Amino acid sequence: MSTSKGKAGLFAACAALATVSLSACGTEGHTPEKSAGVVTQQTPQANEGEKGTAPQSGRQRSVSARSLPLDEYKMSGADYSKFEQAKWNLTKPCMISLGFKDFVPTPVADLDADMGELNERRYGAYDADQAAKTGYRPAFSTSASSAIAVPRSGIESREWTPQEYLALTGTPMEQTEVDQKTAPRLSTGRSVPDGGCIGQAMDKISGGKPLVDTFVSELNSQSYEDSLKDERVVEVFAKWSTCMRAKGYVYSTPIDANNDRGFTGSVASSKEIDTAIADVSCKVEVDLINVWHAAERDIQNRLIAKHNTRLSPVKQNLAAIRKNASAVASSQ
């Protein structure tokens, strides 16, 4: 089986915190988004990796225990939680001022752990226990699956009346040409601020700066693609392939195994589970995760040095957003 650049995109981790939808990762037909992931290494044990049996190794640390250099230029799950709290703290008095006296903000979830969940699949299956249960399909929690909405407006998780929606967003639920040409007003005659109460709150916290910088996302994707051509990664993929062949599986790279077109359907087949178990075992045997992570870490450091002028303002903007969010979140 051969590796294609497009297939590599299917293998990268599932959560790029941008305005995208989240789908389950790991198999053909379930397209993940790239994100800055992190890796770990499982300790090999004796008698490990017979076909169809899980490697007998200790529990791994979370993949999120390690970071990549570009993580410094992105908001963390804790950052998003703080931003959400601050956003609703500013949105509530605005809504009350517009006549919604009983307005109740959307509860803010603790996104720190959930973001870790979403970031863990950058280098594919790594946990033997999870592979034995779901093959190449990560078992995301409900809260993690909805965390992707955070960088937008945060209103997607609830149903609002047309008047509430207009006040929150400054946009009618069903726009008409007349709606688009006139300043938004509620049925009471009150004017809605530009962008609605949520838009106004987000601008106050972010200063109009994006929460997700597209250039950082581009570099994050580039580093992943570049890592596939790194000599260290090419070599460790070859070792992994030899290990898999010895177990009865013919794949050139772990990307090929992850994206095997035979692994379809809503539930992992026994063949998929056996393959994923063997995959994890071989990753451990050849130290693939650590090698791949080290290569991409070096690539990202080079990209950061090359684009430092463009990236420095991003870090400054994030610092300002964190400061503003913390001040607002703690003030009410």
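Here is a quick briefing on the fold and the side-chain links of this protein. The model is a predicted one. It is a helical protein, with 14 helices and zero strands. Of its 332 residues, buried ones make up 50%.

**Overall picture**

- Reading from the N terminus, the elements run α-α-α-α-α-α-α-α-α-α-α-α-α-α.
- Take the contacts between residues at least 6 apart in sequence: 78% of them join residues at least 24 apart.
- The accessible surface comes to about 15,600 Å², and carbon and sulfur atoms account for 50% of that.

**Disulfides**

- The count comes to two disulfides.
- One of them pairs Cys94 with Cys197, with the sulfur atoms 2.0 Å apart. This pair links distant parts of the chain, as Cys94 sits in helix H2 (residues 77–97) and Cys197 in helix H8 (residues 196–206), 103 residues apart.
- The torsion about the S-S bond of Cys94 and Cys197 is about -70°, so this disulfide is left-handed.
- Cys94 is buried at a relative accessible area of 9%, and Cys197 is buried at 1%.
- Cys243 and Cys282 are also joined by a disulfide, at 2.1 Å from S to S. Cys243 belongs to helix H10 (residues 231–246) and Cys282 to helix H12 (residues 270–286), so the pair ties together parts 39 residues apart in sequence.
- For Cys243 and Cys282 the S-S torsion is about -80°, so that disulfide is left-handed. Both Cys243 and Cys282 are buried.

- Helix H13 (residues 288–306) has 19 residues and reaches 27 Å from its first C-alpha to its last, close to the 27 Å expected at 1.5 Å a residue.
- Among the buried residues of H13 are Leu288, Trp292, Ala295, Ile299 and Leu303.
- Across the protein, the count comes to seven aromatic pairs. In one of them, the ring centres of Tyr224 and Trp292 are 5.8 Å apart with the planes at 35°, so the pair is tilted.
- Tyr224 is part of helix H9 (residues 214–227) and Trp292 part of helix H13, so this pair ties together parts that are 68 residues apart in sequence.
- Tyr224 counts as buried at 0% relative accessibility, and Trp292 counts as buried at 0%.
- Trp292 also pairs with Phe237: the centres are 5.1 Å apart and the planes are at 85°, so this pair is edge-to-face.
- Phe237, at 6% relative accessibility, counts as buried.
- Together with Tyr123, the residues Tyr224, Phe237 and Trp292 form one aromatic cluster.

**Val236 in helix H10**

- Val236 lies in helix H10 and is buried, with a relative accessible area of 3%.
- Leaving aside neighbours within four places in sequence, Val236 is in contact with Val286, Asp287, Leu288 and Val291.
- The C-alpha atoms of Val236 and Leu288 are separated by 5.9 Å, with the two residues 52 apart along the chain.

**Salt bridges**

- A search of the whole structure turns up 13 salt bridges.
- Glu72 and Lys315 meet in one of them, at 3.0 Å from N to O. Glu72 is in the loop between helix H1 (5–11) and H2, while Lys315 is in helix H14 (residues 308–331), 243 residues apart. Lys315 counts as partly exposed at 34% relative accessibility.
- Arg322 forms a salt bridge with Asp79, and their closest N and O atoms are 2.9 Å apart. With Arg322 in helix H14 and Asp79 in helix H2, the pair ties together parts that are 243 residues apart in sequence.
- Arg322 is partly exposed, with a relative accessible area of 30%, whereas Asp79 counts as buried at 16%.
- Arg137 and Glu272 meet in a salt bridge at 2.9 Å from N to O. Arg137 is in the loop between helix H4 (128–134) and helix H5 (142–146), and Glu272 is in helix H12, 135 residues apart. Both Arg137 and Glu272 are buried.
- Elsewhere, salt bridges with shared partners join Asp230, Arg232, Arg297 and Asp298 into one network.

Technical notes:
Residues are numbered from 1 along each chain as its sequence is written. This is a predicted model: local features need pLDDT of at least 70, side-chain atom pairs count only at pLDDT 80 or more; totals for chains, interfaces and linings use all residues. Side-chain values use heavy atoms; hydrogens and water are left out. A disulfide is a pair of cysteine sulfur atoms within 2.5 Å. Helices (H or I, at least four residues) and strands (E, at least two) are DSSP runs, numbered from the N terminus. Buried means under 20% relative accessible area, exposed over 50%, partly exposed in between (1.4 Å probe, protein chains only). The expected span of a helix is 1.5 Å times one less than its number of residues. Rings of Phe, Tyr and Trp (its six-membered ring) pair if their centres lie within 6.5 Å; planes under 30 degrees apart count as stacked, over 60 as edge-to-face and the rest as tilted. Contact means heavy atoms within 4.5 Å. Accessible areas come from the Shrake-Rupley method with a 1.4 Å probe; for residues, only the protein chains shown count as cover. A salt bridge is a side-chain nitrogen of Lys or Arg within 4 Å of a carboxyl oxygen of Asp or Glu.
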